[in-house]
Amino acid sequence: MWISRNWGEKDEQVKCGKQQELSGTEIQQKVKEYNAQINSNLFMNPNKDGSYTGFIKVQFKLVRPVSVPPPRKGTATQDGAGKKNGGVKRCTSFYLPKDTSKHLHISSRTCAREVIEALLKKFTVVDNPGKFALFERTERHDQVFLRKLSDDERPLELRLYAGPNEKALSLVLKENETGEVNWDAFSMPELKNFVRMLQREEEEHVKQILQRYALARTRMQEAQAAASIPGGSSACGSTPG
């Protein structure tokens, strides 16, 4: 397995070992230890067949908008021109708020791909689940490590092994970056939203640059004014002979 180490905006691949399989008795002990550490009612519960159920928390770190179904039949919506449209079957795209998170109650046998599908269903997102990936996030020695989970990995098992501490392990849903973006896979509303997002980012960057240069110009002008005073402070304190 490989994890991605973040150095600013750069990623470094770091090899990671596979979790050791636990026996039924060891799992029961792990579950008991886990439940003793949490301060909520989000307990894990062992089953007779050797599996167990529990809660995972997934944070959303999505850059692109997501698509949801159109309003139910019979409701009217307004488009950008202010015209009402009834019964038109087209998706609506919007950005999920930053730091959105969701708790899911799953089984130890639930795989990462099933978790992604369940999250999209909870938010009625109709985008292809293949556009998204689940990541394991850990913090060690003031460094953040990200590792993309394979489709068949089991998030609740990772949660049990790591314990309830979010710094030891947290789960993040992100876009599935597999290389160049296939823009043909997105609808026209999604593409328009991307353009608007880029325009907002450009405007914000321009605003920050102008503010930074305005501040630098003001400081230079103040320095020039102070340097142009003849004799400095000593001339002010002199008396006529």
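Helix H1, which covers residues 24–37, packs against helix H3 at an angle of about 70°, and the axes of the two helices lie 9 Å apart. Because of that angle, H1 counts as roughly perpendicular to H3. The crossing in which H1 passes H3 is left-handed. On the H1 side the contact is made by Lys 30, Val 31 and Tyr 34, while H3 contributes Arg 159, Leu 160 and Tyr 161. Sorted by class, the residues in this contact of H1 with H3 comprise four nonpolar and two charged ones, with no polar residue among them. All of this is read from a predicted model.

Helix H3 itself spans residues 155–162, and seven of its eight residues are buried, so the helix is largely enclosed by the rest of the structure. The buried residues of H3 are Pro 155, Leu 156, Glu 157, Leu 158, Arg 159, Leu 160 and Tyr 161. Just after the end of H3, Gly 163 adopts a positive phi of about 90°.

A further feature to look for is an aromatic pair, of which the structure holds one. The rings of Phe 60 and Phe 123 have centres 5.0 Å apart and planes at 70° to each other, so the pair is edge-to-face, given that planes over 60 degrees apart count as such. Phe 60 belongs to strand E4 (residues 52–60), whereas Phe 123 sits in the loop between helix H2 (112–122) and strand E10 (132–140), so the pair ties together parts that are 63 residues apart in sequence. The two partners are set side by side below.

| Residue | Relative accessible area | Class |
|---|---|---|
| Phe 60 | 4% | buried |
| Phe 123 | 23% | partly exposed |

Phe 60 is therefore classed as buried, since its relative accessible area of 4% falls under the 20% limit. Phe 123, at 23%, is classed as partly exposed, because its value lies between that limit and 50%.

These details belong to a protein chain with five helices and 12 strands. Of the 241 residues in the chain, buried residues make up 30%. Among the contacts in the chain with a separation of 6 or more, 66% are accounted for by residues 24 or more positions apart.

Conventions:
Residues are numbered from 1 along each chain as its sequence is written. This is a predicted model: local features need pLDDT of at least 70, side-chain atom pairs count only at pLDDT 80 or more; totals for chains, interfaces and linings use all residues. Side-chain values use heavy atoms; hydrogens and water are left out. Buried means under 20% relative accessible area, exposed over 50%, partly exposed in between (1.4 Å probe, protein chains only). Helices (H or I, at least four residues) and strands (E, at least two) are DSSP runs, numbered from the N terminus. Axes are lines fitted to C-alpha atoms, for helices over the stretch in contact, and angles run from 0 to 180 degrees between N-to-C directions. Angles under 35 degrees count as roughly parallel, over 145 as roughly antiparallel, 65 to 115 as roughly perpendicular and the rest as oblique. A crossing is left-handed if the near helix is turned anticlockwise from the far one by less than a right angle, and right-handed if clockwise. Contact means heavy atoms within 4.5 Å. Ala, Val, Leu, Ile, Met, Phe, Trp, Tyr, Cys and Pro count as nonpolar, Asp, Glu, Lys and Arg as charged, and the others, Gly among them, as polar. Rings of Phe, Tyr and Trp (its six-membered ring) pair if their centres lie within 6.5 Å; planes under 30 degrees apart count as stacked, over 60 as edge-to-face and the rest as tilted.
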